[in-house]
Amino acid sequence: MNKRFTLLFIAVAAMLLVACGGGGASNVGTEENPLIWALVPSQDTDAVLAGAEEIASYVEEQTGYVI
């Protein structure tokens, strides 16, 4: 649970930084220009990807951004 919270916190912080960007970034998070996550390599890649997909879905639902 702690790892999920950490990933969620990082994701939300990244979204906030993107949202605070310059005026040219108004189409970020759309189908044409989705947000792209870069994940740190791990020994348990499947677990990291599964957790990231869950968090991405949640963030998409809450913000309307496409990840």
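M15 lies in helix 1, where a helix is a DSSP run of H or I with at least four residues, numbered from the N terminus. The model I am presenting is predicted, so to read it by its definition, local features need pLDDT of at least 70, side-chain atom pairs count only at pLDDT 80 or more, and totals for chains, interfaces and linings use all residues. Residues are numbered from 1 along each chain as its sequence is written, and side-chain values use heavy atoms, with hydrogens and water left out.

Let me stay with M15. Is this residue buried or exposed? M15 counts as buried because its relative accessibility is 7%; buried means under 20% relative accessible area, exposed over 50%, and partly exposed in between, with a 1.4 Å probe and protein chains only. Leaving aside residues up to four places away in sequence, M15 touches L35, W37, V59, Y65 and I67, a contact being heavy atoms within 4.5 Å. M15 and V59 stand 44 residues apart along the chain, and their C-alpha atoms are separated by 8.9 Å.

Both residues also belong to the largest nonpolar core, whose six members are A11, M15, V28, L35, I55 and V59. Such a core is a set of buried Ala, Val, Leu, Ile, Met, Phe, Trp, Tyr and Cys residues joined through side-chain atoms within 4.5 Å. Helix 1 and helix 2 each supply at least two residues of this core.

I turn now to the chain as a whole. The secondary structure comes to two helices and zero strands. Of the 67 residues in the protein chain, 15% are buried. Among contacts with a separation of 6 or more, 58% join residues 24 or more positions apart.

Next, the largest pocket. Its volume is about 500 Å³. A pocket here is an open set of points on a 1 Å grid over the protein atoms alone, where a 1.4 Å probe fits, with protein on both sides within 12 Å along at least five of seven lines; lining residues have an atom within 4 Å of a point. Of the 20 lining residues, L7, I10, W37, L39 and V48 are the closest to the pocket centre.

Which helix gives the most to this lining? Helix 1 does, with nine residues. Helix 1, spanning 2–19, and helix 2, spanning 45–63, each supply at least two lining residues. By class, the lining has 14 nonpolar, three polar and three charged residues; Asp, Glu, Lys and Arg count as charged, Ala, Val, Leu, Ile, Met, Phe, Trp, Tyr, Cys and Pro as nonpolar, and the others, Gly among them, as polar.

Conventions: Grid points are joined across faces, edges and corners, and a volume is the space filled by probe spheres set on the points.
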